[in-house]
Structure formats: structure tokens, C-alpha cells
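Here's a quick briefing for anyone opening this one up for the first time. Have a look at the sequence and the 3D view, then work through the notes below.

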Amino acid sequence: MLQQTDRPGRLIAISGKTIAEKIFSAHSGTDARAGDIVVADVDFVMGQDGTSPLAIRALDNMGVAEVFDPQKVALVIDHSSPSPIEGVSALHTIMRDFGKRTGAKVYDIAEGVCHQVVPEHGHVVPGDLMVGCDSHTCTYGALNVFSTGVGSTDGAAAMASGKLWFKVPDTMKVTYEGSLQPGVFSKDLILYLAGQIGVDGATYEAIEFHGPVIDELSVDARMTISNMAIEVGAKAGLMKADDKTLAWFEGRGTRTPAPVDPDADAVYASERVIDASAVGPQVAKPHAVDNVSPIEEVEGTPIAQGVLGTCTNGRLEDLGIAARMLEGRRVHPDVRFIVAPASKQTYLDAMAAGYIQTLVEAGAAVVTPGCGPCVGTHNGVPSDGENVISTANRNFKGRMGNSNAFIYLGSPATVVASVIEGRITDPRKYFG
Amino acid sequence: MKFHGTAHKYGRDIDTDVIIPARYLNTSVPEELAKHCMEDLDPNFVSKIEFGDILVAEENFGCGSSREHAPISIKAAGVSVVIAKSFARIFYRNAINTGLAIMESPEAVDGITDGDEVEVDADAGVIVNVTKGETYHAQPFPPFVKDIIEKGGLIEAIKQKVAAG
């Protein structure tokens with residue numbers, strides 16, 4: 001069946017919709033298709049301590065004194081938390097004052113990294129559209145939320161009006177077939193994809209992640225994949241909501257999830273099938289996330305610091321993997337091992353499970369729940385010439401606060417195997 | 001809108017962490033941010049930019065974080081327009097919202113060498129390499145983008161629109 005479009009002379013087959021097209025249709029009251037520009041209602045708006053002060057200034061400049069709905073706006077202090085320097089302290093004060101003035105929730109220094117805090121507190125549910133003033137806002141795609149990072153000005157507009165304009169993205173479909181080898185994790189799957197398509201491989205597009213491997217993953221592990229959608233330029237990294245997703249939301253929030261599946265005849269801009277069985281541990285080398293090698297190519301590289309945490313891999317499952325590997329073992333004497341639980345809840349759960357005890361006894365330095373040393377503002381800036389292996393999502397030059405350091409990215413298991421041996425190590429031998 | 005200056009050329013995937021490292025996000029004052037613009041990539045960047053100069057880069061300029069401090073620092077450092085083969089999505093929108101002129105033109109990027117004198121007519125979408133005597137083309141600014149950039153960003157544009165009734 002053909003239909004006249006608003007583009008003169010162009011006919012298209014009426015086809016099914018992607019997850020992105022369905023969510024934008026529902027939130028804009030239009031028949032939204034890839035390429036359309038829509039004004040859509042957003043279900044939630046978030047900012048963190050790097051970006052919120054500029055959004056607050058933008059609201060002040062516009063003369064806007066209130067947010068559109070205080071229940072739908074939250075600010076999270078996580079990037080420099082607790083404040084390491086007086087300039088940041090002043091920015092935190094601006095955020096706290098804004099919260100008092102508008103009623104918007106401020107999650108202060110004890111609460112954790114924004115991308116764990118927002119879903120844990122039930123601020124988003126499947127089927128939602130939300131924006132955050134942080135590029136890794138794409139994390140909640142794993143929860144069937146179209147979530148995307150915006151700048152502070154766009155964030156301010158959304159805080160003021162509850163609306164924002166969007167270009168409905170094309171969608172790339174990525175299907176992971178097969179099954180994961182022991183010692184290989186969701187982080188390896190997304191690093192592998194980054195190596196394949198490059199850091200701009202999905203620019204302006206959404207990605208839908210499908211396949212039996214995704215179905216098998218826990219919600220924690222799925223969030224690792226969606227978190228890094230931005231690292232290939234994507235606007236969102238979406239997954240279907242299944243029973244695990246819905247179980248994850250039980251007891252959180254007050255709204256009812258409205259899961260969105262893609263239609264069977266949805267049109268994708270491109271499709272890619274990856275045999276996960278053939279993917280081993282992957283490492284992104286300095287200074288680009290797509291500079292990815294199988295671990296065999298970098299094994300033996302000496303490291304001075306390991307980092308477990310961040311919005312990519314600071315969740316309970318990640319801390320559990322680390323604790324099991326470090327049970328009865330110790331961090332190498334020449335290595336500093338920094339652990340940042342993703343949130344207060346993660347921290348409490350990890351304590352209850354005994355993980356924190358094991359990690360600390362093994363030699364880990366556990367820091368405040370939050371971004372940890374990922375963005376180079378505090379909590380472990382490396383020295384000149386040092387190699388760091390981290391579970392974070394970025395290894396840009398200078399990312400951790402020193403442009404003369406070298407950052408390698410890997411899974412929690414790869415990081416832990418490496419901090420035990422003092423050099424980059426294939427973790428599979430710990431999972432034999 | 002017209003721009004004229006010396007081109008300073010860089011590679012692909014220039015990320016927002018090298019444009020303005022997070023360790024300097026303890027302020028949102030444009031002039032303070034400008035002091036550290038691009039310093040992890042080129043420590044001499046700030047000193048060699050004359051007001052109105054043109055930043056040229058390969059693909060995927062501005063990838064990485066959503067920090068608006070990145071376009072703010074480039075603009076405050078004196079750059080009049082960024083010409084790249086492509087821009088990362090969030091940066092593209094942030095640049096317009098903060099009033100930094102940006103243009104996509106692969107042929108201009110291929111043609112321009114570091115240090116060339118370049119003239120840009122953004123409304124016409126024409127880029128002239130004065131040094132080499134070459135002309136390149138880009139998409140001209142749509143009128144609403146031109147309006148936002150001329151007024152110094154989205155917030156200023158909205159304020160003026162509201163004030164004008």
C-alpha cells in the first residue's frame with residue numbers, strides 16, 4: 001500500500017514502526033516517522049552537576065521561575081561529589097537552591113550516578129520519552145525508554161515547558177545471536193560493536209538491540225550496552241521490555257509501564273547480526289572508544305590503576321563479578337584499584353551481599369557512589385605516563401584529568417583480572 | 001552572516017573532553033572556559049586564535065559529552081565559525097543553541113590547509129579559500145538558525161521574540 005507523504009511526489013509504503021517511531025508518535029500526537037520533526041511531550045528531565053548550572057542560568061535568563069512539573073524534573077550531584085573545589089561547591093549550591101525554589105528533586109552527594117538514580121527511583125517507566133543534560137542519558141533505552149542526552153539550553157526548555165522538538169531518528173537494528181562465552185560480558189558486546197562501526201557509526205540514529213543474547217542478559221547488563229550507544233554517535237540504544245524489565249520496575253515509582261515493541265515490519269536504516277559466541281573479551285585502547293582490540297592483542301600491558309564503576313559498570317552485578325574474582329585474592333601491590341558503586345542502593349545491596357567487604361579486604365579503595373574518577377574531576381587522577389584500565393565508557397585523551405595518561409576500557413572481569421596481575425589480563429581463566 | 005579569518009585545522013573525532021576538559025567545568029563563565037579551550041589537544045590553541053578565526057576539522061566534531069561548555073568555550077576563544085565534514089548530534093544542537101556558527105562542508109575541509117585565509121558567506125553557503133583561490137559549498141543556514149546565531153543563542157532569540165510580542 002502506498003501513501004502520499006508530505007514530501008511532494010514521494011510515495012512510501014505504509015509499514016510498521018520502530019520503537020523510536022512508536023514512542024515519538026505517542027508523545028507528539030502524530031504519525032511520527034523517521035526524518036519527521038516533531039514537538040513531543042517529555043515524561044522526565046534530568047540534569048547533573050556539570051550541566052545543570054547552565055540550564056538554571058538559561059531558565060533565569062528566560063525569566064522562567066518554575067519548572068513545568070516538579071515531579072518530573074530532577075538534578076543529580078554526581079560528577080564532582082562531594083565537591084573537590086570551591087568553584088564546584090558554588091555550582092552545587094546553585095542546584096540546591098533551585099531545588100528548594102522550584103520543588104524539583106535534588107539528589108545530593110550520597111545518592112549516586114544520575115543514570116542509576118533516575119531509574120532506581122522509578123522516574124522513568126517503559127514507553128517513556130525523557131531527556132537528560134548528560135550524553136549517557138541513553139542508558140534507559142535498556143528499560144524501553146526513549147532517553148537521550150541534550151545540552152543545557154534544550155534541557156532548560158524542556159524543564160520550562162515539558163516539551164522539546166526532536167528529529168525522529170532512523171533506526172539501526174543490531175541482533176546478537178549465539179551465546180556468551182564464560183568470562184565475556186555485555187561490555188564486550190558493545191565494545192565489539194564500537195570497533196566494528198566506529199564512533200560515528202550510528203550518528204543521528206537510534207539503535208535497537210535484539211536477539212537471544214540480549215534476552216538472556218540481566219537488566220543490569222543490558223544497561224551497560226544502552227549506556228554506550230552514544231559512543232557510536234547514537235541518539236538512543238533501545239531494547240524491548242520483557243518480564244525481567246517489568247520485574248525490575250516492581251515497587252519503583254507510581255506510573256504504570258507501557259512497553260513498546262517494534263512492529264514486525266518496521267523499516268530499519270540498516271541491520272547487523274553479530275555472533276556473540278565468537279566475541280571474546282574486548283579492550284578499547286587509548287584515546288578512542290572505537291580503537292578496539294581482542295584482549296589477546298593488549299595482554300601484558302602494565303597498569304597502574306584500575307577503575308570499577310561509573311554509569312556503565314557500577315551496578316550490583318558488576319560488583320558481584322569483582323567480589324567473586326577477588327575472593328581469596330589481592331590487588332597487585334603496584335596497582336591502585338578504585339571502586340565507585342553506581343548508587344546508594346547499589347552500595348547497600350553490595351554490602352548486604354558481602355561484596356564490599358571482599359573488595360576492601362582485597363585492597364580496593366571504595367569511593368562515594370557517583371561518577372568516581374571517570375571524568376577527571378576527583379577520586380583518582382592518574383599520573384603522567386600511567387596506564388589505567390577502567391569499566392567506564394570513555395577513554396578520550398585527558399578524560400580522567402591527565403592528558404598524559406592512557407586509558408583502556410574493558411568489562412568488570414577484565415579490569416579485575418588486570419588489577420590482580422598488574423597488567424592487562426584475559427579474564428576467561430577465572431571463569432574456567 | 002559573513003566570517004573572515006585564518007583557518008586552524010584539526011583531525012576527526014575532536015571530542016568535548018579535549019575541547020574543554022571536565023576539570024575546568026568549575027565555572028560557567030565563557031571567558032574562563034575559553035582559556036582552556038582545546039588545551040589537551042593543542043596547548044597553543046588559545047594563543048594562536050585571532051578574533052574571527054575559523055576552526056576546521058574532519059568528521060564527527062564535538063563527539064562525546066553533552067556539555068554546552070564546549071561550544072561556549074570555542075566561541076569565547078574567538079572562533080567565528082566551525083567548518084567540519086560532520087558534527088556529533090548533541091554538539092550540533094548545542095552549537096546553534098549557544099550561538100556558535102557551524103557548517104558542514106567535506107569539500108571545504110579537504111581543500112583548506114592549516115593557516116589558509118578563508119572567507120565564509122553562511123547565508124549563501126559559500127566558503128572561499130582566499131589563499132588558494134578556491135570556492136567550496138555548504139548548506140546555507142536556514143533562516144531560523146541564522147536568527148538564533150545572530151542573536152547569540154536560543155535563549156536570547158526567545159527573549160527578544162517575547163519582548164517584541
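**Starting points**

His287(A) sits in the loop of chain A that runs between β14 (282–284) and β15 (292–294). The peptide bond joining Pro286(A) to His287(A) is cis, with omega about -5°. Keep in mind as you read that this is a predicted model.

- Most residues other than glycine have a negative phi, and most peptide bonds are trans.
- Another cis peptide bond goes from Ser81(A) to Pro82(A), with omega near -5°.
- Pro82(A) is in the loop between β5 (73–76) and α3 (86–102) of chain A.
- Asn144(A) isn't a glycine, yet it has a positive phi of about 70°.
- You'll find Asn144(A) in the loop between β7 (129–133) and β8 (146–149) of chain A, and it is buried, with a relative accessible area of 0%.
- Asn379(A) isn't a glycine either, and it has a positive phi of about 65°.
- Asn379(A) lies in the loop between β18 and β19 (387–390) of chain A, where it counts as partly exposed because its relative accessibility is 25%.

**Where the two chains meet**

- How many residues does the contact take from chain B and from chain A? Chain B gives 34 residues and chain A gives 42 residues.
- About 3100 Å² is buried between chain B and chain A, and carbon and sulfur atoms give 54% of that area.
- On the chain B side, Arg89(B), Arg93(B) and Ile155(B) lose the most area to chain A, together 23% of what that side buries.
- Three salt bridges turn up across the interface of chain B and chain A.
- Asp154(A) forms a salt bridge with Arg93(B), and their closest N and O atoms are 2.7 Å apart.
- The interface also has 16 residue pairs in polar contact.
- In chain B, the elements giving two or more residues to the side that touches chain A are α1 (16–19), α4 (69–76), α5 (89–97) and α8 (154–163).
- Of these, α5(B) supplies the largest share of that side, six residues.
- Sorted by class, the side of chain B that touches chain A has 10 nonpolar, 11 polar and 13 charged residues.

**Salt bridges**

- Side chains of opposite charge can pair when their charged atoms come close.
- Over all chains, the structure holds 32 salt bridges.
- One of them pairs Lys163(A) with Asp41(A), with the closest N and O atoms 2.7 Å apart.
- That pair links distant parts of the chain: Lys163(A) is in strand β9 (residues 163–167) and Asp41(A) is in strand β3 (residues 37–41) of chain A, 122 residues apart.
- Lys163(A) is partly exposed, at a relative accessible area of 40%, and Asp41(A) is partly exposed, at 37%.
- In chain B, Lys48(B) forms a salt bridge with Asp42(B), the closest N and O atoms being 2.7 Å apart.
- Lys48(B) is partly exposed, with a relative accessible area of 34%, whereas Asp42(B) is buried, with 10%.
- Asp426(A) forms a salt bridge with Arg428(A), again with the closest N and O atoms 2.7 Å apart, and Asp426(A) is buried, with a relative accessible area of 11%.
- A network of salt bridges links Asp200(A), Arg12(B), Asp13(B) and Glu59(B).

**Helix α13 of chain A**

- Which residues of helix α13 (residues 355–362) of chain A are buried? They are Tyr355(A), Ile356(A), Thr358(A), Leu359(A) and Ala362(A).
- These residues cover an arc of only 160° around the axis, so they are on the same side of α13(A).
- Gln357(A) and Glu361(A) are exposed, on the other side of α13(A).
- The buried residues of α13(A) pack against α11 (316–326), β17 (336–340), α12 (344–352) and β18 (365–366) of chain A.

**Two loop residues**

- Thr51(A) is in the loop between β4 (44–48) and α2 (52–62) of chain A, and it counts as buried because its relative accessibility is 3%.
- Neighbours within four places in sequence aside, Thr51(A) is in contact with Cys133(A), Ser152(A) and Ser66(B).
- Ala124(B) is in the loop between β5 (117–121) and β6 (126–129) of chain B, and counts as partly exposed at 44% relative accessibility.

Notes. Residues numbered from 1 in each chain as written. Chains lettered and ligands numbered in written order. Predicted model: local features only at pLDDT ≥ 70, side-chain atom pairs only at ≥ 80, totals over all residues. Heavy atoms only, no water. Contact = heavy atoms within 4.5 Å. Buried area = accessible area lost by both parts, 1.4 Å probe. Salt bridge = Lys/Arg side-chain N within 4 Å of Asp/Glu carboxyl O. Polar contact = N/O pair within 3.5 Å; in protein donor to acceptor, adjacent residues only side chain to side chain. Helix = DSSP H or I, 4+ residues; strand = E, 2+ residues; numbered from the N terminus. Nonpolar A, V, L, I, M, F, W, Y, C, P; charged D, E, K, R; others polar. Buried < 20%, exposed > 50% of the residue type's maximum accessible area, 1.4 Å probe, protein only. Arc of directions from axis to C-beta.
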